[in-house]
Amino acid sequence: STQPTVCVIPGDDAMPEVMAPTVALLRRLVPEIRFVEAICGREAQAQYGTPFPDVTREAIDNADCTLFGASGGPSRPILWYLRWHKETFINVRPVRWYPGYNSPLRNPERVDYVIARDNLEGMYPPREGDIAELSTLASSSSWWLPVPTDKAGAYSLKVNTDEQMERVANYACELALQRKAAGYPGKVTLGAKYSIQPKTDGRLRTLVKAAVAAHPGLSYEEYLIDDMARRLVAAPEALDVVLLGNEHGDILADVSSGTIGGLGLSPSGCYGEKYAYFEPVHGSAPDIAGKGIINPTAMILTGGLLLDYLGYNEQAETLAGAVAQVYREGRVLPVDQGGRASTSEFVFAVQDYLPA
Ligand code: NAD
Ligand code: IPM
Ligand code: MN
């Protein structure tokens, strides 16, 4: 049979501490996958004079997909390559509470939805400059719409193409239909600022409504982004697929993560037409690097999403099941979940529930 290749990029700061044991678990579950580790960040800088050497780019290009730790700065160009060069246009961030997760909510039991985040546009990549460059807009300046080119300052651009908004909308609909087949409500909820950004978020709203109409069997809801943020906390059990723009999705995914118990628990996958890569929602956790206490759950579940992508659905389920069992029993909990277990103690506990 075919032997898939996965490029492994450990990432910066605390990330190698969770990447190594995650890959070990994945190897154990699916021995036929070829894992090819690529050098990145400071190590690559020291050895090749660049944080993103050709060997790493080739390892990404030659793999079926990439498992990425987080970048704390040095590995940032690799993240850009995985997003924009590989056109991984949608970032899927599941938000699901399991018994034992240290949620601050009173009733987290039915929290089980996904955020579908635009992974390419909006205010990313940064297009910023000096206010003076906006002088052509100054003629439309008024007291209620100021373009103060006579003052020192800067601007930042939000840019959305119809093409990207359409494929993000379609992806969210297809995902909601898939989930519906598995017993979920089949609902797309848009959170955006269509009230004051009619051309970007208003256009997104129009395109999402059209996409929902073109996918029979789905229901649709929309909320202004500020109210959406409240709903993630006040009524998360009502959500199924939540569609968000790039910067909104970045911020609110961390909020959602907080509602189930924190960043140590939240996986994600970034999908394109020709490539996919997988990274946890959290960053490189520099404040706890080297302490051996970073929670590997987010990285392990991210590995589970990778297995799903490669078609190893049963093994992905086994892995998530083992993690859930460790939390359910509650004897070996990571520090961020109120326990005392080190990263490796937690990983060993998970490993004990995998088939030998
Ligand atoms: P962060 O997510 O790294 O950390 C925020 C807080 O959560 C810290 O207190 C950290 O210790 C804690 N935390 C995160 N993951 C954890 C885990 N698995 N277990 C236990 N605690 C965990 O965010 P930050 O500190 O704002 O950013 C650090 C760096 O990471 C920055 O350079 C940022 O740009 C980068 N970052 C990268 C990515 C990515 O590569 N996709 C994502 C987010 C942030
Ligand atoms: C994330 C991160 C990134 C983002 C940073 C590191 C550019 O916060 O993946 O959530 O903003 O997309
Ligand atoms: Mn983020």
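Domain bounds here come from an automatic or database domain assignment. The chain is divided into domain 1 (1-96 + 263-356), domain 2 (103-123 + 159-260) and domain 3 (125-157). The model is predicted: local features need pLDDT of at least 70, side-chain atom pairs count only at pLDDT 80 or more, and totals for chains, interfaces and linings use all residues. Residues are numbered from 1 along each chain as its sequence is written, and chains are lettered from A and ligands numbered from 1 in the order in which they are written. The C-alpha centres of domain 1 and domain 3 lie 41 Å apart.

Helix α5 covers residues 162-181. Helices are DSSP runs (H or I, at least four residues) and strands likewise (E, at least two), numbered from the N terminus. Buried residues of α5 include Val168, Ala172 and Leu175; buried means 20 or more other C-beta atoms within 10 Å of the residue's own, with C-beta atoms placed from the backbone. The buried residues of α5 pack against β4 (90-96), β5 (112-118), β8 (187-192), α6 (201-213) and β10 (241-244). Just after α5, Gly183 takes a positive phi of about 105°.

Notes. Expected span 1.5 Å × (residues − 1). Buried ≥ 20, exposed ≤ 12 C-beta atoms within 10 Å, placed from the backbone. Contact = placed C-beta atoms within 7 Å.
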